[in-house]
Amino acid sequence: MKEKGWRPFWAALLAALLVLLPLVGGTVLLTRRSLRTRLASRPQSGVAIRQPKEENRLSLLVCIAPTETTAPGFLLLYLNASQNCIHALALPGELTVPFGADEASLADCYRAAGPARCREALLSALSLPEDTHYLALAPSVLQAIADRYGMLRVGFSGALTAEELALTGCSSNVQAVSVREAEELLNGMEDTVPPAHKAAARAAVWDAFFRQELELLPAALPDALRAHSSSLLTDLTAQDLLILDDTLEFLADRSAAIHTEALPGGWDGEHYTLTDDSHAAVQALFNVSPTEAQLSSASEP
């Protein structure tokens, strides 16, 4: 009897479990699905977005070295990722700068003492930032670096008069030129157009280069400089090139604002001298307002 009494009990318990298990399993499955739904519906967070740092900026004097038949070319370049800007200022080679106890043109300064001495002269003449670097490239090296970007669409009509366009063989329309052809056009302007106009034409070439090929620069330019390091004259270090990598990446990703122009000044047919407009252009290059510059100057001993 005792054995017969337990059998009904276990049978009833088993029957109850068979009824409850599908309900419990469904509840567990529903709970898991609800959890996945809630997790999927949550906004994604915790993914850090890289932001530019104070170090993601570069002030650079770019020099195109002279050859036996060509004059040197000069460009002041300012990259600032925090301000999302690329500013460039083309300098006439005839610009008068301090040289020893006297003065000389920037081009003669280069020929006599090289790009480092040009940087020192411009630090004094234009009050450049102390951390301005210099980079000098031979025309052939510049062409080797830039040829991978293809043709540039350049308009010279804003830099040259109609007569100057005709004299130099430049089109009044936007024209496609390689970097080599652009350098030949610029060199053909020597003694043909005023220094400010030639500098403006050089600025137009650089403006086209940055606007058309900005997205290519982060991946190509620093590596190209490393590949040609033995042919460069520069004080850029390996760490500087890493900073340039990051800075260009920020600028390309954010479609940086680009502004290029020529350094204004006074030209008497022999000397190109600095004016108030010259210093204002340099202040604009580095995003320094006249008020800030005046305050800085007044605070110096």
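Let's start inside the fold: in strand β6, H133, L135 and L137 point one way while Y134 and A136 point the other way, and all of them are buried. In a regular strand, side chains alternate between the two faces of the sheet. Strand β6 covers residues 133-137, and five of its five residues are buried. Please keep in mind that this is a predicted model.

**The sheet around β6**

Strand β6 belongs to an open sheet of six strands, in the order β9-β6-β1-β2-β3-β10, with mixed pairing. At the edges sit β9 (233-234) and β10 (257-262), each of which pairs on one side only. Helix α7, made of residues 195-213, packs on the sheet and touches β1, β2, β3 (85-91) and β10. The direction of α7 makes about 165° with that of β10.

Strands of a sheet pair through backbone hydrogen bonds, either parallel or antiparallel.

| Strands | Sense | Bridges |
|---|---|---|
| β1 and β2 | antiparallel | eight bridges |
| β1 and β6 | parallel | five bridges |
| β6 and β9 | antiparallel | two bridges |

R57 stands opposite N80 in β2. A136 in β6 is the bridge partner of C63, and A136 also has L233 in β9 as a bridge partner.

**Two helices side by side**

How do α6 and α7 run relative to each other? The axes of α6 (residues 179-187) and α7 come within 10 Å and cross at roughly 170°. An angle over 145 degrees counts as roughly antiparallel, and α6 and α7 are therefore roughly antiparallel to each other. At their contact, A182, E183 and L186 in α6 meet K198, A201, R202 and V205 in α7. The residues of this contact divide into four nonpolar, no polar and three charged.

**The nonpolar cores**

Which residues touch the most other members of the largest nonpolar core? Of its 56 residues, they are I86 and F156. The largest share of this core, nine residues, comes from α7. Leaving aside residues up to four places away in sequence, F156 touches L165, C170, Q175, L185, A201 and V205. Two of these, A201 and V205, also take part in the meeting of α7 with α6.

There is a second, separate core of 28 residues, which includes Y78, L122, A125 and L285.

Notes: Residues are numbered from 1 along each chain as its sequence is written. This is a predicted model: local features need pLDDT of at least 70, side-chain atom pairs count only at pLDDT 80 or more; totals for chains, interfaces and linings use all residues. Side-chain values use heavy atoms; hydrogens and water are left out. Two strands pair if DSSP finds at least two bridges between them. Helices (H or I, at least four residues) and strands (E, at least two) are DSSP runs, numbered from the N terminus. Contact means heavy atoms within 4.5 Å. Axes are lines fitted to C-alpha atoms, for helices over the stretch in contact, and angles run from 0 to 180 degrees between N-to-C directions. Angles under 35 degrees count as roughly parallel, over 145 as roughly antiparallel, 65 to 115 as roughly perpendicular and the rest as oblique. Ala, Val, Leu, Ile, Met, Phe, Trp, Tyr, Cys and Pro count as nonpolar, Asp, Glu, Lys and Arg as charged, and the others, Gly among them, as polar. A nonpolar core is a set of buried Ala, Val, Leu, Ile, Met, Phe, Trp, Tyr and Cys residues joined through side-chain atoms within 4.5 Å. Buried means under 20% relative accessible area, exposed over 50%, partly exposed in between (1.4 Å probe, protein chains only).
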